[in-house]
Amino acid sequence: MKQVIMYTDGACRRNPGPGGWGVLIKYEGIDKEIFGAKHNTTNNQMELTAAIEGLVALREPCSVVLYTDSKYVMDGITQWIYKWKKNNWRSASKKDVKNKELWQQLDNLVHLHEVQWHWVKGHSGDAGNEMADLLANKGIDSIS
């Protein structure tokens with residue numbers, strides 16, 4: 001199984017507002033950069049979209065070490081999702097989970113790969129995270 005390192009980030013100018021996502025994929029010394037944007041979105045939606053698009057970009061099942069600076073994504077995919085699924089995608093307050101469709105997409109993709117999730121502090125000098133942030137902002141700039 002191919003071993004991939006992935007850095008994902010989302011950004012939003014105003015929240016909600018125009019947003020972008022960026023992904024840096026590292027495989028055998030090669031870096032692949034992808035990014036995109038949406039006119040009206042939220043920061044959390046862009047963080048989720050970055051992880052989704054990064055995993056979609058993989059053409060076959062891979063062993064992925066994925067770094068995100070989003071506690072929302074990190075805690076959601078490693079902790080909260082189990083209760084959400086058990087409760088038919090409802091939160092503790094019995095309401096639909098926010099961004100349910102994105103969470104369901106991410107959940108389906110995670111099962112195609114072996115993903116190890118790691119949280120990294122944003123804007124702390126981590127080169128991979130800084131590049132993902134740059135790509136997310138490049139996404140926003142592409143629609144602004």
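1. Let's start with a term you'll need: a residue is called buried when its relative accessible area is under 20%, exposed when that area is over 50%, and partly exposed in between, using a 1.4 Å probe and protein chains only. Take N99: its relative accessibility is 17%, so N99 counts as buried.

2. A word on what you're looking at: this is a predicted model, where local features need pLDDT of at least 70, side-chain atom pairs count only at pLDDT 80 or more, and totals for chains, interfaces and linings use all residues. Residues are numbered from 1 along each chain as its sequence is written, and side-chain values use heavy atoms, with hydrogens and water left out.

3. Now the overall plan. The protein has 4 helices and 5 strands; helices (H or I, at least four residues) and strands (E, at least two) are DSSP runs, numbered from the N terminus. Walk along the sequence and you get the pattern β-β-β-α-β-α-α-β-α. The radius of gyration is 15 Å, close to the 15 Å from the globule rule for 144 residues, so the protein is as compact as a globular protein of that length. (That radius is taken over C-alpha atoms, and the rule is 2.2 Å times the number of residues to the power 0.38.)

4. Some whole-protein numbers to go with that. The C-alpha atoms fill a box of roughly 45 × 40 × 25 Å along the principal axes. Of the 144 residues, 47% are buried. The accessible surface is about 8,000 Å², and 50% of it belongs to carbon and sulfur atoms; the areas come from the Shrake-Rupley method with a 1.4 Å probe, and for residues only the protein chains shown count as cover.

5. How do α2 and α3 sit together? The axes of α2 (residues 71-86) and α3 (residues 100-110) come within 11 Å and cross at roughly 95°. That makes α2 roughly perpendicular to α3, a label for angles of 65 to 115 degrees (under 35 is roughly parallel, over 145 roughly antiparallel, and the rest oblique). The axes are lines fitted to C-alpha atoms, for helices over the stretch in contact, with angles running from 0 to 180 degrees between N-to-C directions.

6. Which residues do the touching? From α2, Y72, V73, G76, I77, I81, W84 and K85 meet W103, L106, D107 and V110 of α3, where contact means heavy atoms within 4.5 Å.

7. Next, the loop between α2 and α3, which holds both K98 and N99. K98 counts as exposed, with 69% relative accessibility. Leaving aside residues up to four places away in sequence, K98 touches Y72 and W103. The C-alpha atoms of K98 and Q45 are 9.4 Å apart, although 53 residues separate the pair along the chain.

8. Check the backbone too. Most residues other than glycine have a negative phi, and most peptide bonds are trans. N99 has a positive phi, near 65°. R14, in the loop between β1 and β2, also has a positive phi, near 75°, and R14 is exposed at 62% relative accessibility. That loop holds P16 as well, and the peptide bond from N15 to P16 is cis, with omega near 10°.

9. Finally, look at T8 in strand β1. Is T8 buried or exposed? With 0% relative accessibility, T8 counts as buried. Not counting residues up to four places away in sequence, T8 touches G22, V23, E47, A50, A51, L66, Y67, T68, D69 and A132.
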